[in-house]
Amino acid sequence: MLDLLNFIVGLGASVLMPIVFIVIGLCIRLRVGQAIKAGLMVGIGFIGLSITVKLMIDSLTPISNAIVEKFGLNLNILDVGWPAAAAVGMGTEVGALIIPLCLIINVIMLYTKTTKVLNVDIWNLWHHAVAGSLVAIMSDSLALGLYAAAINCIITMIIADRTAKDVGSSLGLDGISVPHGFSVSFVPVAWVVNGIINKIPYVRDIQVDTDKIQEKFSILGDPASLGAIIGILLAIIAGTDIPSILHTGITMAAVMTIIPRMAKMLMEGVYPISERIQDLAQTRLTRFKNLTIGLDSAVSVGHPVTLSVSMVMIPVMLMLAAVMPGNQFLPFASLTGLPFAFVLVTAVCKGDFFRVFITGLVTLTLALYIATDLAPAITSVATNNGFAMPDGANMISSIDYAGAMLPWSIIHSFDFKTIGILIATVVTLGLMYLNRVMLIKEEHDA
């Protein structure tokens, strides 16, 4: 079995993922042509993302090194963004099994009424694969890696349940939930921030005009402009010459424009699978009441508050990275994914800019430290699976998913061996039971 898994993993993500999606498509009775096209589009998207990420890394590495040398910053961890993190997660033995594992978990949770989420967001299961892959290589155990991935999946589904009402009321997406590993990781902090602010007189009454914020930072809403501005600013800070400044700006504009288009192409392969699963849910799962369809958080990244906070946090993150003691992570590629961090935060904070921004300060500060902490493990998994480290880069990491609090908590619980795993298990089972009680009560009240 291990030899078979190693062979499958050895095919690489650009080959493995199309095969997986073709098989799933055939299993859910898509036409053969549709299944093959879906798989090919996923593979094309993966290759496009890989090429673009390499372009970004090759352009950004000398700039990052120059900044570190000029200012004496100990920022030697290269930000490779979510595409590389996804490729790392899905390119392991855990990644090869993550889709059937999570589908089985989803079915079990539905039948035990510990979730109401029917997760059709197959692509973003890579988040769970990252957590599991890190545990697998740190413990040298595939079984423990899969167990960690399962815990990550279960808790993600529970948070998706707990935020489904807010997603409907605040984001206008009735009947939708967001079991997106990166997005849900920021929710617990949002709950805490909301609770604290609600207890502080005057502060709890602060409101910000999001329309004016959106107008003021509208240029940053364009990926090309955002990439050019950040690239030029980083090159100027690095003290490079004018040709290098212009080249970096244009390259980063291209990267931030191409990556979303490649991701969209990849999603063109995922959508037929997701739509077919939704059809089956409506016809075969009628015995389940009030199911929510679990979708990618991309369904609401365009919310004005989400975009505004994300754009404001870009320069804030760069400043934090420079001044925070102990941080070694220089964010760049992950900046394109910040809106995904705030989708559920916006929902939980009822669209209040001030509360979302405060949550962002707390979560992204933690994310920089977490990305620094997990960089050795991320680098180890990447190099063990054939990831070519660029010249001058010693370690790699990302905000999504190596800077998220949920996987970090799970990964380090496994550091404590039997005791840590037992605690993680008890907490997970307790959350499942509590969620079941709340879901039954909500169904009864409805």
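**Chat about a predicted model**

Q: Which residues does Leu 125 touch, leaving out those up to four places away in sequence?
A: Leu 125 touches Ile 98, Ile 99, Cys 102 and Asn 119. A contact here means heavy atoms within 4.5 Å.

Q: What kind of model is this, and how is it numbered?
A: This is a predicted model, where local features need pLDDT of at least 70, side-chain atom pairs count only at pLDDT 80 or more, and totals for chains, interfaces and linings use all residues. Residues are numbered from 1 along each chain as its sequence is written, and side-chain values use heavy atoms, with hydrogens and water left out.

Q: Back to Leu 125. Where is Leu 125 found?
A: In the loop between strand 2 and helix 6 (126–139). Helices (H or I, at least four residues) and strands (E, at least two) are DSSP runs, numbered from the N terminus.

Q: Is Leu 125 buried or exposed?
A: Leu 125 counts as buried, at 4% relative accessibility. Buried means under 20% relative accessible area, exposed over 50%, and partly exposed in between (1.4 Å probe, protein chains only).

Q: What separation is there between the C-alpha atoms of Leu 125 and Pro 179?
A: 9.2 Å, with the two residues 54 apart along the chain.

Q: Strand 2 now. What is the strand order in the open sheet?
A: The order is 2-4-3, with parallel pairing. Strand 2 (117–119) and strand 3 (176–177) are the edges; each has a single partner strand, so one side of each has no neighbour in the sheet. Two strands pair if DSSP finds at least two bridges between them.

Q: How many bridges join strand 2 to strand 4?
A: 3 bridges, with strand 4 spanning residues 292–294. Val 117 stands opposite Thr 292 in strand 4.

Q: Switching to helix 16. Which of its residues are buried?
A: In helix 16 (residues 405–413), they are Met 405, Leu 406, Pro 407, Ile 410, Ile 411 and Ser 413.

Q: What do the buried residues of helix 16 pack against?
A: Their partners include helix 6, helix 7 (142–171), helix 15 (353–384) and helix 17 (417–445).

Q: Ile 36 next. Where is Ile 36 found?
A: Ile 36 is in helix 3. At 38% relative accessibility, Ile 36 counts as partly exposed.

Q: What share of contacts between residues at least 6 apart in sequence join residues at least 24 apart?
A: In this chain, 82% of them do.
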